[in-house]
Amino acid sequence: MQGKFITFEGIDGAGKSTHIGFVTDFLVARGKNVVASREPGGTPLGEKLRDHLLHEQMHLETEALLMFASRREHIAQVIAPNLAEGNWVLSDRFTDASFAYQSGGRGLARGKLEALEAWVHHDLQPDLTLLFDVPLEVARQRLNATRTLDKFEREQSDFFARCRAEYLRRAAQFPERFAVIDSTRSIAEIQAELGQVLEKLL
Ligand code: ADP
Ligand code: TYD
């Protein structure tokens, strides 16, 4: 029996990471084996690539290719084998993030990402993508309150406006797998909605 694949998306500071623990506990309480992972990263090689991606300046296409290199390894080592064993895989970001950041944010032609997506995982898409959506100002305030910012998080607000718009465009293009979560609300309100969305998938 094949497991389910859930991805967590949103601009930096939207609250994705906050909810992964909740979703893990929710599914474990319902008897599922859950593997939580992240991109870029999720494998030893992917984590090395993540370090370069988050801290070094590089050509836009190099950045996109390394994101997909990390993803290819993540699918081979973690996502596909776990789904085949019937486990549920949660990934903090996946290909929608490449569309949002490399195409929306940085302006890489969407067609190039569509080609990489078809090459790297033509037959594998998330069963559910939770898009944590907030206005930029809210995300920025949350980020500033918490941590040292990496290369992406130091981008200007118009960059994040374009990322958010591309996320919402992907959500409109693939409504069958996306749930857009209004993340301006309290954590408790968001988790109540997450519970309802997850029950449908169960
Ligand atoms: P992301 O993973 O999307 O970058 P985080 O989950 O790390 O975002 O959240 C960024 C910060 O905002 C954290 O300090 C977190 O506690 C806080 N936060 C997350 N969701 C909410 C919320 N709904 N209301 C208030 N603060 C939140
Ligand atoms: P993330 O793990 O959300 O950062 P943090 O641990 O600080 O919450 O993601 C790292 C960054 O990588 C994030 O700013 C978005 C970016 N990213 C891309 O630009 N393209 C991609 O394909 C992915 C997966 C992430």
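This is a tour of a predicted model, stop by stop, with what to select at each one.

**Before selecting anything**

Residues are numbered from 1 along each chain as its sequence is written, and chains are lettered from A and ligands numbered from 1 in the order in which they are written. Because the model is predicted, local features need pLDDT of at least 70 and side-chain atom pairs count only at pLDDT 80 or more, while totals for chains, interfaces and linings use all residues; side-chain values use heavy atoms, with hydrogens and water left out.

**Stop 1: the whole chain**

Show the protein as a cartoon. Eight helices and five strands are there, in the order β-α-β-α-α-β-α-α-β-α-α-β-α from the N terminus. The radius of gyration is 16 Å, close to the 17 Å that the globule rule gives for 202 residues, so the protein is as compact as a globular protein of that length. That radius is taken over C-alpha atoms, and the rule is 2.2 Å times the number of residues to the power 0.38. Helices (H or I, at least four residues) and strands (E, at least two) are DSSP runs, numbered from the N terminus. Along the principal axes, the C-alpha atoms fill a box of roughly 45 × 35 × 30 Å.

Switch to a surface. The protein exposes about 9400 Å², of which carbon and sulfur atoms supply 52%; the areas come from the Shrake-Rupley method with a 1.4 Å probe, and for residues only the protein chains shown count as cover. Of the 202 residues, 50% are buried (under 20% relative accessible area; exposed is over 50%, partly exposed in between; 1.4 Å probe, protein chains only).

Colour by charge next. There are 25 positive and 29 negative side chains, and the centres of the two sets lie 1 Å apart. Lys and Arg count as positive and Asp and Glu as negative, with His and the chain ends not counted; each charge is placed at NZ of Lys, CZ of Arg, CG of Asp or CD of Glu.

Among contacts (heavy atoms within 4.5 Å) between residues at least 6 apart in sequence, 79% join residues at least 24 apart.

**Stop 2: strand E3**

Select residues 88-92, which are strand E3. Ser91 lies in this strand and is buried at 0% relative accessibility. Its C-alpha atom is 6.0 Å from that of Ala36, 55 residues away along the chain. Beyond four places in sequence, the contacts of Ser91 include Phe5, Ile6, Thr7, Phe8 and His74.

Move to Asp92, also in E3 and buried at 13%. Leaving out residues up to four places away in sequence, Asp92 touches Phe8, Lys16, Ser17, Ile20, Ser37, Arg38 and Glu39. Ser91 likewise has Ser37, Arg38 and Glu39 among its contacts.

**Stop 3: two backbone details**

Select Arg93, in the loop between E3 and H4. Arg93 has a positive phi of about 85 degrees although it is not a glycine, and the residue is buried at 11% relative accessibility.

Then select Glu39 and Pro40. The peptide bond from Glu39 to Pro40 is cis, with omega near -15 degrees. Pro40 sits in the loop between strand E2 (34-38) and helix H2 (44-55).

**Stop 4: the aromatic cluster**

Select Tyr101, Phe152, Phe159, Phe160 and Tyr167, which form one aromatic cluster. Rings of Phe, Tyr and Trp (its six-membered ring) pair if their centres lie within 6.5 Å; planes under 30 degrees apart count as stacked, over 60 as edge-to-face and the rest as tilted. The count by this rule is eight aromatic pairs. Tyr101 and Phe160 are one edge-to-face pair, 6.4 Å centre to centre with 85 degrees between the planes. Tyr101 lies in helix H4 (residues 95-105) and Phe160 in helix H7 (residues 157-173), so the pair ties together parts 59 residues apart in sequence. Tyr101 is buried at 5% relative accessible area, and Phe160 at 4%. The rings of Phe159 and Phe160 have centres 5.3 Å apart and planes at 90 degrees, so this pair is edge-to-face. Phe159 is buried at 2%.

**Stop 5: Gln156**

Select Gln156, in the loop between helix H6 (136-144) and H7. Gln156 is exposed, at 55% relative accessibility. Its C-alpha atom is separated by 9.9 Å from that of Gly105, 51 residues away along the chain.

**Stop 6: helix H8**

Finish at Val197, in helix H8 (residues 187-201). Val197 is buried at 15% relative accessible area. Beyond four places in sequence, Val197 touches Leu128, Leu130 and Ala179. Val197 and Leu128 are 9.1 Å apart, C-alpha to C-alpha, and 69 residues apart in sequence.
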